[in-house]
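Take a walk through this protein chain. Start with the whole, then move to its parts.

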Amino acid sequence: MSILQNIVGKLWMTIISLVAVVLIILGLFLYRYIDTNFPKLGEQQRDLEQLAFRIVDELSDRSHDSSYFAAMNDVLDAQSIGMQYLRSPSGTSEEALLMSDILTPLEQQQALQGVVIQKRFFASAEDGNKEEYLAIAIPVTGPDNDEVTGSVVMYQPIKSSESLQDYVKRLFALASFMGFLLTTFFAFFLITRLTKPLKQLRQAANLITQGQYSTRVYVGSHDELGELARTFNLMAEQLEETIKLLNNEKANLSRVLRSMSDAVISFDTKHKVIFANPQGETILKEWGEIMWNDPDPEGGAANSIPEPLQLLFDEVIQETKVVTTKLHVRQGVWSVVMAPLYSHKRARGAVAVLRDVTEEHRLEKLRKDFVANVSHELRTPLSMLQGYSEALLDDIAGTPEEKHDLAQVIYDESLRMGRLVKDLLDLARMEAGHMEMNLGPVELAPLFRRVHRKFLALCKEKDIRLECVPPPDEVVLQKADQDRLEQVFTNLLGNAIRHTMPGKAIYLRYQTLTYQDTSAALIEVEDEGEGIPPEDIPYIFERFYKADKARLRGATVGTGLGLAIVKNIVEAHQGSVNVRSIVGQGTTFSVILPLDP
């Protein structure tokens, strides 16, 4: 930093410049005054010449009057003028200066011959130093002006005129230079003392900008600088307190955002991510790995707005309003609320709150499907009951056989309604955790044989081969409900028979495996039926799965609650049920039951 870029240098240069200007102005006035009021050398020489001629005129009549000559010397001595009377070249004098110091012998002869002589010479003064003099020699004639009787020699120190001027000028210049140096020194010292608190304030301000909000300035005076220091310290205290409050609020907000189950993401106007809580970072990472139709050309998808939110973001920025919608990303459903962020009444970005409502959406869909399916399942038998009952009442059936057929249909539909109501009640109890189970040891081999006998006749009737690979007789489930397990295999085999074409086979097999660090029984029901489409597999254990197909097949199809009941019973035994299927090749249900849970 140069000297003109800080306050010390500026004040210092200002003061010395002001002093220099003042000294220059005073010097100009003083020099002008000296030149105007002090006599110059030419004037001194002219005055000395005029005085000499007047004295010579007087001496022409009083050349032998020594008293007059002495009186004139006394008068002239007051003006620092010396006077001697030269009568012969070899003459001597007892005056302050010897004649030989003033005029050379040749000049003395010339003066006695009537020549006026003017000259400057150097002679020793009373203090022993050489001093310059101005001298004039004028011849003195007799009363008749016919003969030169002598010569009056007058001399005066030149320093009494121009030398005095030069001396005064040199003295003023020296005094000005010394004053300038002293002024510079004291100005620099004073300015340094004055600006020291300002430097401390600057250093403290720099420390505060670096985050050291506890910085304070020493207050060493009670003047304006002291007041400034106290005001700065008060400002620093208030700033430190404000920063602490802001940091506390920021920490609280950060904890709230991080503890939220919803994802919070904010973007700027350039579609870049400003902030994201952990849930938001997870969404950005997952959505950033998806290959969209228009991928980010610059890469860095995790740091920019995901494609599903771009149109919503543009709408929020353009219309500056809060927008709420739902987005379907893969198999998930997200509820999105996006609002603009303002800065000086302008939108500087947007913040989005995302909630995973896949489960709520699925449950809502299940609820609607459940109501629709239950309504359909109940309306069909009720319609048949009503129609056939009216036929009986109206005696449409003329023969006993026709009446018997109508009554049989009414009976079958009532049984179907009973099974539907029973299954609904069982499923409601299971999902509520109120399922009644009689736990005890259950031998799997007799259970396999009983289920095999139950469906063997039905399979022969439909030309389906039913093969059973039972477990050994010693395999026993230590804590199980035999009736509930039979219900599981009954539902699975019933579904397999319903979806298997004639000439195909169904297999009931047993294996042993380790499940959750314990021995378990793996029971598989495999069919060679039509299979299940991949998009339907996640929903087959929901209520009324394939209920639409049930409307086409009439009473030969179950209630659509069988697999949901299977899943609840197996999980109640601390097991699991899985499915794998290939369309056109068949389906395999795998039931895992711990032997000793």
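What share of the residues in the protein chain is buried? Of the 597 residues, 37% are buried; that means under 20% relative accessible area, while exposed means over 50% and partly exposed lies in between (1.4 Å probe, protein chains only). This is a predicted model, where local features need pLDDT of at least 70, side-chain atom pairs count only at pLDDT 80 or more, and totals for chains, interfaces and linings use all residues. Residues are numbered from 1 along each chain as its sequence is written, and side-chain values use heavy atoms, with hydrogens and water left out.

The protein chain has 15 helices and 16 strands. These are DSSP runs numbered from the N terminus: helices are H or I with at least four residues, strands are E with at least two. The chain exposes about 35900 Å², an area from the Shrake-Rupley method with a 1.4 Å probe, where for residues only the protein chains shown count as cover. Carbon and sulfur atoms supply 55% of that area. Contact means heavy atoms within 4.5 Å. Among contacts between residues at least 6 apart in sequence, 60% join residues at least 24 apart.

Begin with a helix. Ser176 lies in helix H6 (residues 162-209). Ser176 is buried, with a relative accessible area of 13%. A polar atom of the Ser176 side chain lies 2.8 Å from the backbone oxygen of Phe172.

Next, the antiparallel strands. Strands pair if DSSP finds at least two bridges between them. Strand S9 (residues 346-356) pairs with strand S5 (residues 263-268) in the antiparallel sense over 6 bridges. There, Ala263 has Leu354 of S9 as its bridge partner. S9 also pairs with strand S8 (residues 332-343), antiparallel over 10 bridges. S8 and S9 form a hairpin with 2 residues between them. His344 in the turn has a positive phi of about 55°.

Val322 sits in the loop between helix H9 (307-319) and strand S7 (323-329). Is Val322 buried or exposed? Val322 counts as exposed, at 53% relative accessibility. Leaving aside neighbours within four places in sequence, Val322 is in contact with Val337, Met338, Ala339 and Pro340. Ala339 is 17 residues from Val322 in sequence, yet their C-alpha atoms are 4.4 Å apart.

Now turn to the open sheet. Its 5 strands run in the order S11-S13-S14-S16-S15, with mixed pairing. The edge strands, S11 (465-469) and S15 (576-582), each pair on one side only. Neighbouring strands are turned by 20° against each other on average, direction ignored. Axes are lines fitted to C-alpha atoms, for helices over the stretch in contact, and angles run from 0 to 180 degrees between N-to-C directions. S11 pairs with strand S13 (residues 505-515) in the parallel sense over 5 bridges. Val469 has Arg509 of S13 as its bridge partner. Helix H12 (residues 444-461) lies across S11, S13 and strand S14 (518-527), at about 175° to S11. H13 packs on the sheet too, touching S11, S13, S14 and strand S16 (586-594). The direction of H13 makes about 30° with that of S14.

Last, the largest nonpolar core. Such a core is a set of buried Ala, Val, Leu, Ile, Met, Phe, Trp, Tyr and Cys residues joined through side-chain atoms within 4.5 Å. Of its 44 residues, Leu444, Leu477, Leu492 and Ile523 touch the most other members. Helix H13 (residues 482-498) gives the largest share, 7 residues.

Note on methods: Polar contact = N/O pair within 3.5 Å; in protein donor to acceptor, adjacent residues only side chain to side chain.
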